[in-house]
Amino acid sequence: MSNQITTAKQLEVQRIVDVLSKAIAQQRLRPGTRLVESQLVEALSANRNHVQVALQRLSMQRIVTIEPNRGAMVSQPTAKEAREVFIARRAIERAIVEGINPDCIRQHRQRIQTHLDGEREAAKSEDRRVIVRELSEFHLILGEISGNSVLSEILANLMVRSSLIVALYQRADVSSCQCDEHQAIIEALERGDNALAVQLMQEHLNELERVLDLDDEASGEINLRQVLSDL
């Protein structure tokens, strides 16, 4: 009986973690947003204890920040952390791309093509939130089809943190569409040219970091009002 209760609690906590992570990744919850426990309990039809455990877990993943006497809020990554996240992504996504062979691409071809089509449709919509969601999903799909669950889980966390970084630091005048770059990576993998696919992925990630407005002299504190004023 005890094991069943523990399992049910774990599943419920994971549900809350997944819902909040998805909302943050899709920029429905912006950096600095207060996560009031009572509101989360009501919105998610959840137990307060489960919400508290979920927030603690997200805090350990650096997705949520919990401050004494102030509660939880969506994290606001510093410029230094942004650079570190991209260093980690280059290492993880290199390993993921190296592990994907042509048979894997053929097996998942319909899913990949459907997604690439969705990216192009999202770009036409000019809806920033939809574009970010679709472009981020491409990287998660590669992680999933690689068959390496450890790399996929690490990448999932990095992608949520990347969403926060993009929300804070991407310049407003930069196009969000990287559909052609994604297509080129898939074509290289389809031909079995993993070396080229790795090179294209590294260049792609370098470009994503390049268009971020990271000020070396920026402090850890971010003026949320100023960051979001033009959105």
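User: Is Asn 69 buried or exposed?
Analyst: Asn 69 is exposed, with a relative accessible area of 87%. Here exposed means over 50%, buried means under 20%, and partly exposed is in between, using a 1.4 Å probe and protein chains only. Keep in mind that this is a predicted model, where local features need pLDDT of at least 70, side-chain atom pairs count only at pLDDT 80 or more, and totals for chains, interfaces and linings use all residues. Residues are numbered from 1 along each chain as its sequence is written, and side-chain values use heavy atoms, with hydrogens and water left out.

User: Okay, and where is Asn 69?
Analyst: In the loop between strand E2 (64–67) and strand E3 (71–74). Strands (E, at least two residues) and helices (H or I, at least four) are DSSP runs, numbered from the N terminus.

User: What's its phi?
Analyst: Asn 69 has a positive phi of about 70°, though it is not a glycine. Most residues other than glycine have a negative phi.

User: Which loop holds Ser 45?
Analyst: Ser 45 sits in the loop between H2 and H3. Its phi is positive too, about 50°, and it is not a glycine. Ser 45 is exposed, with a relative accessible area of 68%.

User: New topic: at what angle do H2 and H3 pack?
Analyst: Helix H2 (residues 37–44) and helix H3 (residues 48–60) pack at about 110°, with their axes 9 Å apart. The axes are lines fitted to C-alpha atoms over the stretch in contact, and angles run from 0 to 180 degrees between N-to-C directions. That makes H2 roughly perpendicular to H3, a label for angles of 65 to 115 degrees.

User: Which residues make the contact?
Analyst: Glu 37, Ser 38, Leu 40 and Val 41 of H2, with Arg 48, Val 51, Gln 52 and Leu 55 of H3. Contact means heavy atoms within 4.5 Å.

User: What does Leu 189 touch?
Analyst: Among its partners are Val 97, Ile 100, Pro 102 and Leu 142, leaving out residues up to four places away in sequence.

User: Last one: which helix has Ala 91?
Analyst: Helix H4 (residues 79–98). Ala 91 is partly exposed, with a relative accessible area of 48%.

How values were computed:
Parallel < 35°, antiparallel > 145°, perpendicular 65-115°, else oblique.
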